[in-house]
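Keep the viewer open as you read.

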Amino acid sequence: LAGCGDGAPATGSSPVSGARTLELQSPAPAGSGEPHLSADAQGNVYLSWLEPRGEGVHALRFARLAPDGTQWSRPQTIVERDDLFVNWADFPSLLPTRSGRLVAHWLQKRGADNYAYDVRIAQSLDGGVTWSGSRVLHDDGAAAEHGFVSLWETPQGEVQAAWLDGRGTGAHLTHGEMQLGFSALSPDGVPGPTELIDTRTCDCCQTDAAWSSDGPVLAYRDRSGEEVRDIRVLRRVQGRWLEPVQVHADGWRIDGCPVNGPAIAAQDRRVAVAWFPAAQDQA
């Protein structure tokens, strides 16, 4: 918006000065879903998606769009299996780091229960040509739901992650509380111990994270004992998570998960959060 001018935009341009829209053919074939976008420091944009391969098999694939924005690279496969947990709300992601390391996460079933699955992490050091063996992000070993992952990189190049952790709920959320987990990955992609940073959260709303000048800021939907499910943020300062802060007192009481999480962005110490509320049935 800082580039907006007073004149009418040229044909094919947006109102932002010098910007234009260009329609590109998606690198993901028909039937694909669960897309995720990320970008690296050089301006490359990465699109990842899940692609059906027949008879219950899905592949997590990605392609890269160069900074000139004219052509996608040839799609590459991260993992292909018949036990990936595929659903519309909780999807894999790909994080490109400043060193060129690519870190990916996906959901993989554990045993026969439909709602018992792990978060798996793998990384590539050669631009996605080859990938390391995957590792489970969380350390509980429980046959329960784990997902809604946020990945980010610190200025020192460490990859960190937060997710909804169902170790206390059972596979069908029949008891206990969904919790918010945190872990840091070693340079070779090994997750560290899980730190539970909120012990009662909404069960299946997306999380999101941004990097401020003070450290990571994590946004998520909380869950009070009275079933009020408003948005909170957690800040990590000097290696320690502070107490969560309510973004706004919506007072949205709902006896179930709305499957609708927040989005967050940061620049220096300025942080913005956007979210959907429906308190008193007013969306």
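Arg-223 is buried, with a relative accessible area of 14%, where buried means under 20% relative accessible area, exposed means over 50% and partly exposed lies in between (1.4 Å probe, protein chains only). Its salt-bridge partner is Asp-203, with the closest N and O atoms 3.8 Å apart; a salt bridge here is a side-chain nitrogen of Lys or Arg within 4 Å of a carboxyl oxygen of Asp or Glu. Asp-203 counts as buried too, at 14% relative accessibility.

Before going further, a word on the model: it is predicted, so local features need pLDDT of at least 70 and side-chain atom pairs count only at pLDDT 80 or more, while totals for chains, interfaces and linings use all residues. Residues are numbered from 1 along each chain as its sequence is written, and side-chain values use heavy atoms, with hydrogens and water left out.

Back to the charges. Side chains of opposite charge can pair when their charged atoms come close. Arg-229 and Glu-227 meet in a salt bridge as well, at 2.8 Å from N to O. Arg-229 is buried, with a relative accessible area of 2%, and Glu-227 counts as buried at 15%.

Which residue pairs with Asp-139 in a salt bridge? The partner is Arg-167, and the closest N and O atoms are 3.1 Å apart. Asp-139 lies in the loop between β8 (135–136) and β9 (146–153), and Arg-167 in the loop between β10 (159–165) and β11 (179–184), so the pair ties together parts that are 28 residues apart in sequence. Asp-139 is partly exposed, with a relative accessible area of 44%, and Arg-167 is partly exposed at 28%.

These pairs belong to a total of 20 salt bridges in the structure. The protein has 24 positive and 36 negative side chains, and the centres of the two sets lie 3 Å apart. In this count Lys and Arg are positive and Asp and Glu negative, leaving out His and the chain ends, and each charge is placed at NZ of Lys, CZ of Arg, CG of Asp or CD of Glu.

Now for the strands. The protein has zero helices and 19 strands; both are DSSP runs numbered from the N terminus, helices being H or I with at least four residues and strands E with at least two. Gln-76 is found in strand β4 (residues 76–81) and counts as buried at 15% relative accessibility. Leaving aside neighbours within four places in sequence, Gln-76 is in contact with Leu-60, Arg-61, Phe-62, Gly-127, Gly-128 and Val-129, contact meaning heavy atoms within 4.5 Å. Ala-184 sits in strand β11. Beyond its neighbours within four places in sequence, the contacts of Ala-184 include Glu-158, Val-159 and Gly-192.

Finally, the whole chain. Residues 24 or more positions apart account for 46% of the contacts with a separation of 6 or more. Of the 283 residues, 45% count as buried. The C-alpha atoms fill a box of roughly 55 × 45 × 40 Å along the principal axes.
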